[in-house]
Amino acid sequence: MSELNLILLGPPGAGKGTQATLLTEDFGLPHVSTGDMLRAARDAGSELGLAAKEYMDKGELVPDAVVIGLILERLADDDARDGFLLDGFPRTIEQAGALGQQLEGHERRLTAVLLLEAPDELVVQRISGRRICRKEGHVYHVDFDPPKHPGHCDIDGSELEQRDDDREDTVRNRLDVYHAQTEPLIAYYEERGLLRRFDGTRSPRQVHERIRATLATLRLEEDL
Ligand code: AP5
Ligand code: MG
């Protein structure tokens, strides 16, 4: 069967991380989240992480050159050679171009870009109740998706915390940045026949089922 090379696209709080966890379980793909990678670099106190923190705290994008370098290196790792699930990358046309070139150079191609659509007011509400686990960044919501044991991750038991950039004013800026810099990717991937839209206002399980159904159809078409 051909490799699955997927992108999860959508505004902050649309559910990219949530769906990534579910899809990773289904397909055994490496979940490559630039947000998680940058937070890990920040927590480790590396030069790159500390530079990225300045942008992340304001809800601005980290410069393209930094993020592109990080991702291209990650996609060359052994575990990403047979497929990957990108979450939060690309976020600009320049990032998308760099990814496309890299894949083409290795005779690989994207399978699909999964767009999770959700209105601004809903995502602000979701992000205010979000909790993530300290160890791996697994995602919960105090009302919509609570952990079995309050304050602790179901998967690895680590403590749950709020993200530094989840303050309402920063979230509003992240949304503005999304509309201005990332939304143009919708047309970009639509033109290339790769875009698949999903109603991100549905429950995590419903969104997941729709994505699975779409991927099953895509794979059937490929095998014909
Ligand atoms: P990143 O970490 O990618 O954040 P984001 O895009 O703002 O997205 P979020 O992680 O906030 O939301 P999500 O869609 O993953 O939603 P989640 O599943 O958690 O980026 C952070 C920062 O890093 C950026 O601002 C930038 O500075 C930098 N950065 C990262 N990538 C970059 C790049 N490529 N270029 C430049 N800079 C970059 O869900 C949210 C909440 O809702 C959770 O509580 C969840 O439980 C709940 N929920 C999820 N789905 C549902 C549902 N269907 N129904 C009800 N509740 C739900
Ligand atoms: Mg996320």
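Glu107 is exposed in this predicted model, with a relative accessible area of 77%. Glu107 sits in the loop between α5 and β4 (112-117). Its phi is positive, about 50 degrees, although Glu107 is not a glycine. Most residues other than glycine have a negative phi.

**Backbone details**

- The peptide bond that joins Phe89 and Pro90 is cis, with an omega of about -5 degrees.
- Most peptide bonds are trans.
- Pro90 belongs to the loop between β3 (83-87) and α5 (93-105).
- Gly45, which follows α2, has a positive phi near 75 degrees.

**Ile7 in strand β1**

- Strand β1 covers residues 4-9, and Ile7 is part of it.
- Ile7 has a relative accessibility of 0% and therefore counts as buried, since the cut-off for buried is under 20%.
- Setting aside residues up to four places away in sequence, Ile7 touches Leu86, Phe89, Pro90, Leu99, Leu110, Ala112, Val113, Leu114 and Tyr189.
- Two of these contacts, Phe89 and Pro90, are the residues joined by the cis peptide bond.
- Thr111 is 104 residues from Ile7 along the chain, yet the C-alpha atoms of the two are separated by 8.5 Å.

**Gln19 in helix α1**

- Gln19 is found in helix α1, which spans residues 16-27.
- The relative accessibility of Gln19 is 3%, so Gln19 counts as buried.
- Apart from residues up to four places away in sequence, the contacts of Gln19 are Leu8, Leu116, Pro204, Val207, His208 and Ile211.

**Gly69 in helix α4**

- Helix α4 runs over residues 64-75 and contains Gly69.
- Gly69 is partly exposed, as its relative accessible area is 35%.
- The C-alpha atoms of Gly69 and Gln95 are separated by 10.0 Å, and the two residues are 26 apart along the chain.

**Helix α2**

- The buried residues in α2 are Thr34, Gly35, Leu38, Arg39, Ala41 and Arg42.
- Seen down the axis of α2, these residues fall within an arc of 160 degrees, so they line one face of the helix.
- On the other side of α2, the residues Asp43 and Ala44 are exposed.
- The cover over the buried residues of α2 includes β2 (31-33), α3 (47-58), α4 and β3.

- Helix α6 is made of residues 120-128, and among them Val123, Val124, Arg126 and Ile127 are buried.
- The elements they pack against are β5 (130-133), β6 (139-141) and α7 (168-182).
- Asp166 lies in the loop between β7 (160-161) and α7.
- With a relative accessible area of 8%, Asp166 is buried.
- Asp166 is in contact with Ile127, Arg130, Val171 and Arg174, leaving aside its neighbours within four places in sequence.
- Ile127, one of the contacts of Asp166, is also one of the buried residues of α6.

**Ligand 1**

- There are 35 residues around ligand 1, and those that come nearest are Thr18, Glu60, Arg91, Arg130 and Arg174.
- Arg130 and Arg174 are also among the contacts of Asp166.
- A polar side-chain atom of Thr18 is 2.6 Å from an oxygen atom of ligand 1.
- For Arg39, an N or O atom in the side chain lies 2.9 Å from an oxygen atom of ligand 1.
- For Arg163, a polar side-chain atom is 2.9 Å from an oxygen atom of ligand 1.
- Ligand 1 exposes 1,000 Å² when taken alone, and the protein buries 97% of that.
- α1, α2 (34-44) and β6 are the elements that give two or more residues to the shell around ligand 1.
- α2 gives the most to this shell, with four residues.
- By type, the shell residues divide into 13 nonpolar, 11 polar and 11 charged.

Terms used
Residues numbered from 1 in each chain as written. Chains lettered and ligands numbered in written order. Predicted model: local features only at pLDDT ≥ 70, side-chain atom pairs only at ≥ 80, totals over all residues. Heavy atoms only, no water. Buried < 20%, exposed > 50% of the residue type's maximum accessible area, 1.4 Å probe, protein only. Contact = heavy atoms within 4.5 Å. Near = heavy atom within 4 Å. Polar contact = N/O pair within 3.5 Å; in protein donor to acceptor, adjacent residues only side chain to side chain. Areas by Shrake-Rupley, 256 points an atom, 1.4 Å probe, with all protein chains shown as cover. Nonpolar A, V, L, I, M, F, W, Y, C, P; charged D, E, K, R; others polar. Arc of directions from axis to C-beta.
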